[in-house]
Amino acid sequence: MASTTQLDIPPAPPARPRRPGSTGRAGDKIFLSLSRGSGILLLLIMASIAVFLSYRAATAISKDEGNFFTTFDWNPAGDPPVFGIAVLLFGTVVSSIIAMVIAVPVAVGIALFISHYAPRKLAAPLAYVVDLLAAVPSIVYGIWGALVLVPYLEGLNLWLDQFFGWTYIFEKTEVGVARSLFTVGILLAIMILPIVTSVSREVFLQVPKMNEEAALALGATRWEVIRLSVLPFGRSGIISASMLGLGRALGETMAVATVLSPSFLISLHVLNPGGGTFAQNIAAKFGEADAFGRDALIASGLVLFVLTLLVNGAARLIIARRKEYSGANA
Amino acid sequence: MSNATTTDVRDQRPQTRPGTHGTGLSSRSLPRWAPLGFAAVSVALAVGISTAAGWQSRVQWGLIAALLFLAISYVATTVVENQRQAKDRLATSVVWVCFLAAVVPLASLLWTTVSRGSERLDGYFLSHSMAGVLGSEATGGVYHALIGTLEQVGIATVISAPLGLLTAVYLVEYGKGGLARAVTFFVDVMTGIPSIVAGLFILSIMLIAGLEPSGLMGALALTILMIPVVVRSTEEMLKLVPNELREASLALGIPKWRTILKVVLPTAIGGITTGVMLAIARIAGETAPIILLVFGSQLINTNPFEGAQSSLPFYIYEQYKIGEAASYDRAWAAALVLIAFVMILNLVARGIARWKAPKTGR
């Protein structure tokens, strides 16, 4: 053992020939500024999205002869130009609410199925399939919705009208195919299922095993375990997952553009064909729009941008706050 | 002390035991095949009711079957077992129904795409454009759109992969304080930007700078959608690299940037590749920015920097809007091509992730 310490260690070089500048610090600086620069660039992109959209939107709104928020019309090419987002805002919010009402409970159910009910061997492949489904492009959902789902839903619509027409919402006052906000809502629900499911599932898997085992030890049934330990722990996760899904639903373009037969009317009869959403309106009106018409569309896009920003920001804040106190990520 | 209490407990237990029947292990319970039986009965009943009432839509049949299944299993369990078991059974049934309710439309989507798409999909379809083809004619193909998609997605990847990678490196290796927090937050928020808004942003720049629509403009919009996805996934992967590796390298006197380039990134390269490929798969299906920025074309245009191009998702939308039987066939075939492209990317990416998973410290 002693011999190892006796190895001839080459004498340290008497004086370092390198100057301080060549010890790699220059490389460090370049690399740091490159990576920090790209981070800053991202912030700049976000800021410039807001600035550019606001700038174009401001020029459009200043020439709008109607009220931008309350006008039930979209005619920027007219003389005088009149356009407003009331119908679009209504359609976007209503179709997203329908989507949320359907998708969130089902998604939580699927997440519970994968995390707590499915046979062990099935759970991993199922989670994988759900993730794959999130990758199906929205235009494919769109043509499927328009060519397959719409015919299927016609019977359901009549049936809803027959038995639930007294609720006013499900009263179908116009005949026509099921290209309604309700159908759009169902399609959006199917589209946001994968994302809501996968986020909730991850939260459910983080529930401390101790809590579940404690509940089991007290004689709880599986449902009681879920109600007592899993759902309370996962509540904020479910909320933020739903808001992420809501963000998707608000901004979805193609699925709405293919399914909905648009009209500039506000009607709470969600089974009637008609209505419109921000994204659908932009995609549909863009082709025929002149330069001013495009600015008007950009103005409506700005509202959509702000809306999704608020929803997504809120979702992320909820997730971030939860991370701090849950201790699940330790 | 403890002795006394245990005897107390023991004294009490026999009193409660003999009387109760329903709660012990020996209580009656439904057989294991009961849920299957309930399902069979409810499906049969639903079919019966629906045909009797003359309802055409199979959506209704499914809904009725699901509701009957829930009701039957709840009532049967309440009668045979007890209220708590019944609630448990109800919850299990609800969860199963949720799962099946979600599987049905998704399976229908995939099946329709494959069966309708394979009618028109062949070598001719993949190698011809729509030049001079009328919407109602059953010829034409998807070649020009394929080229457009590949070029636009390629450009977007070339821009956003390095940017996203560097940002992730900054967040994981250097990031502290306000700037890093802001970047993290806005990357998350950026993930949620609707694709049409990204398209409008590039459009507003185009209007100001007087640029013409081209594949490049579409690619720029796709870049905005792709960067946050790359940053998120790369960040997760870099966080998985064990700190011991970094410390070992730094202890050898290697500067930090070389440590990152030679130790951290190679360790995480599998996951990073996966993340980039998943991001590609995600943007390949984006239609909205293409509508606004690339304009669409029936002809083959291999130059992404000038002139209108097409892309697969745009092609699908275009063919759908024509509204002829032949164009629907083309739309489904293109949808099949697009789904196959996305799914293969996904599968390969996940394969790489599994194959090259970073070795954790354990």
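**Where the chains meet**

Visitor: How many residues of chain A are in contact with chain B?
Guide: 72 residues of chain A are in contact with 79 residues of chain B; two residues are in contact if their C-beta atoms, placed from the backbone, lie within 7 Å.

Visitor: Which helix gives the most to the side of chain A that touches chain B?
Guide: Helix α2 (residues 25-63) of chain A does, with 18 residues. Helices (H or I, at least four residues) and strands (E, at least two) are DSSP runs, numbered from the N terminus.

Visitor: And how do the residues on that side of chain A divide?
Guide: There are 48 nonpolar, 17 polar and seven charged ones. Ala, Val, Leu, Ile, Met, Phe, Trp, Tyr, Cys and Pro count as nonpolar, Asp, Glu, Lys and Arg as charged, and the others, Gly among them, as polar.

Visitor: Where does this model come from, and how are things numbered?
Guide: This is a predicted model, where local features need pLDDT of at least 70 and side-chain atom pairs count only at pLDDT 80 or more, while totals for chains, interfaces and linings use all residues. Residues are numbered from 1 along each chain as its sequence is written, and chains are lettered from A and ligands numbered from 1 in the order in which they are written.

Visitor: What does the model score?
Guide: Its ipTM is 0.83 and its pTM is 0.84. Chain B averages a pLDDT of 84, with 90% of the residues at 70 or above; pLDDT is the predictor's confidence in each residue, from 0 to 100.

Visitor: Which element of chain B has the lowest mean pLDDT?
Guide: Helix α1 (residues 2-16) of chain B, at 45, whereas α6(B) has the highest, at 93. Over residues 1-23 of chain B the pLDDT is below 50, and this stretch has three contacts in the model beyond near neighbours in sequence.

Visitor: Back to α2(A): at what angle do α2(A) and α11(B) cross?
Guide: Roughly 65 degrees, and their axes come within 7 Å. Axes are lines fitted to C-alpha atoms, for helices over the stretch in contact, and angles run from 0 to 180 degrees between N-to-C directions. The two helices, α2(A) and α11(B), are therefore roughly perpendicular to each other (angles under 35 degrees count as roughly parallel, over 145 as roughly antiparallel, 65 to 115 as roughly perpendicular and the rest as oblique).

Visitor: Which residues make that contact of α2(A) with α11(B)?
Guide: Gly27(A), Asp28(A) and Phe31(A) of α2(A) meet Lys256(B), Trp257(B), Arg258(B) and Ile260(B) of α11(B). Three of the residues in this contact are nonpolar, one is polar and three are charged.

Visitor: How does α11(B) pack with α6(B)?
Guide: Helix α6 (residues 143-174) and helix α11 (residues 256-284) of chain B pack at about 140 degrees, with their axes 10 Å apart. That makes α6(B) and α11(B) oblique to each other. Among the residues in this contact are Val153(B) and Leu165(B) of α6(B), and Ile272(B) and Val276(B) of α11(B). The contact divides into eleven nonpolar, two polar and one charged.

Visitor: How many helices and strands do the chains have?
Guide: Chain B has 14 helices and zero strands. Chain A has eleven helices and two strands, in the pattern α-α-β-β-α-α-α-α-α-α-α-α-α along the sequence.

Visitor: What do the chains span along their principal axes?
Guide: The C-alpha trace of chain B spans about 90 × 75 × 35 Å, and the C-alpha atoms of chain A fill a box of roughly 100 × 65 × 35 Å.
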